[in-house]
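Keep the structure in view as you read.

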Amino acid sequence: MGTSNPFGGGNNRNPLVPDWVGGPGGPPPGPPPPGAPAPGAPGPGAAAAPAPGNANPDAANPAGGIPAGNPGNAPAGGDNAGGPADGDAPAPNRFQSARTNFFKFAKSGGAGAGGGGGGRGGGTNRNLRRAVRSFVGKSSGGARRATQRMASERTATASLGRILSSAGTAGIQETVRRLGLAQLATLPVQDIYAALVDFICEPGGELDESFAREAYLKALAEISEAQTDLERPSPETSVSFLASFIANAIQNRLLNAIGNKVVSIPRDVASVQNVEQQIDDYIRGNVNDAMAEAGEDFPVELIVSTIDDIYERSVVLLEGPDPDGLDDDFEAEDHEEIE
């Protein structure tokens, strides 16, 4: 209604990782799915409570098929060890280098990119690479902390992975029945997946939850546009869906932190489209590389650790060394435009 202020990106006062991420209980739990027992009450035949750390528990599913569990919500590996309480104080001006490089990239309209923008960064605009590296390494405190910060997205992606695994063998209609969502089974397939956004993603109005929801709905639109079979998705379709979700989630974080003027800086519509395409290609290429490294096997009992590992592998690749070998600690230009 014209009363809201635009989001200006991250600020230097915010903690690198919120105090509820990576702790003993993981992120705050979401509500149980429809038909599930109340919190603290055992489900039919259940012997124990769900493992802590699962932000969207679906363990209370007597029909089976989609196991729950996100122990700890912590990434499986990575080189940036340490919990959020270890060196978590935000550094002054930690966004400046990333925003400066991103401003230069956007101002050029993506010019000077050379070749394609996927994979390890070959042919990608140098300022874009450096902006992403600085965002991960300095603004976010390294790949491990950047991955921890995406707790909502990781949990939602793992939930989607369990649903796709079940739908691949039983079909999506039977899967939603097993989830206690039989009212969705009569909808068209795309509408079923759209309605599942409230089950897959944590409800709430916080920015973190909105990132996950936006990434999921965009991934659904992309996979639907490709006219793949979502009623009984193949392993290839499931991998594509998950890759799109992860790429969109990382891109949302990046653009909301340092790229809030990506549309207003370029001179014309063609330049805006070129900038947006390069960002998408670069992030998606690194996510695809990370998924290839992780392998094509997504056993449902390991889906949480697998998704966490792919997120961290993706962010590690984005933080990789600058091929130009240049230091990005330089004085900001056009500083007043990138604050």
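Axes are lines fitted to C-alpha atoms, for helices over the stretch in contact, and angles run from 0 to 180 degrees between N-to-C directions. The model is predicted.

Q: At roughly what angle do the axes of helix 2 and helix 9 cross?
A: Helix 2 covers residues 126-139. Its axis and that of helix 9 come within 11 Å. Angles of 65 to 115 degrees count as roughly perpendicular, and helix 2 is therefore roughly perpendicular to helix 9. The crossing angle is roughly 90°.

Q: Which residues of helix 9 make the contact with helix 2?
A: Helix 2 brings Ala131, Val132 and Phe135. The residues of this contact divide into 6 nonpolar, no polar and 1 charged. On the helix 9 side they are Arg253, Leu254, Ala257 and Ile258.

Q: Which residues does isoleucine 258 touch, leaving out those up to four places away in sequence?
A: Ile258 is among the residues with the most contacts inside the largest nonpolar core. Ile258 also takes part in the contact of helix 9 with helix 2. Its partners are Phe95, Ala98, Arg99, Phe102, Ala131 and Phe135.

Q: Are helix 9 and helix 11 parallel or oblique to each other?
A: Their axes come within 11 Å. They cross at roughly 50°, and the crossing is right-handed. Angles under 35 degrees would count as roughly parallel. At roughly 50°, the two helices are therefore oblique.

Q: How many residues in the contact of helix 9 with helix 11 are nonpolar?
A: Helix 9 supplies Leu242, Phe245, Ile246, Ala249 and Ile250. Helix 11 supplies Ile307, Ile310, Tyr311, Ser314, Val315 and Leu318. There is 1 polar residue and no charged one. The nonpolar count is 10.

Q: Is leucine 164 buried or exposed?
A: Leucine 164 lies in helix 4 (residues 151-170). Leucine 164 touches Tyr193, Pro233, Ser238, Phe241 and Leu242, not counting residues up to four places away in sequence. Its relative accessible area is 2%. Under 20% counts as buried, so leucine 164 is buried.

Q: How many Å apart in space are leucine 164 and valine 300?
A: In sequence they are 136 residues apart. In space, C-alpha to C-alpha, the distance is 9.6 Å.

Note on methods: Residues are numbered from 1 along each chain as its sequence is written. This is a predicted model: local features need pLDDT of at least 70, side-chain atom pairs count only at pLDDT 80 or more; totals for chains, interfaces and linings use all residues. Side-chain values use heavy atoms; hydrogens and water are left out. A nonpolar core is a set of buried Ala, Val, Leu, Ile, Met, Phe, Trp, Tyr and Cys residues joined through side-chain atoms within 4.5 Å. Buried means under 20% relative accessible area, exposed over 50%, partly exposed in between (1.4 Å probe, protein chains only). Contact means heavy atoms within 4.5 Å. Helices (H or I, at least four residues) and strands (E, at least two) are DSSP runs, numbered from the N terminus. Angles under 35 degrees count as roughly parallel, over 145 as roughly antiparallel, 65 to 115 as roughly perpendicular and the rest as oblique. Ala, Val, Leu, Ile, Met, Phe, Trp, Tyr, Cys and Pro count as nonpolar, Asp, Glu, Lys and Arg as charged, and the others, Gly among them, as polar. A crossing is left-handed if the near helix is turned anticlockwise from the far one by less than a right angle, and right-handed if clockwise.
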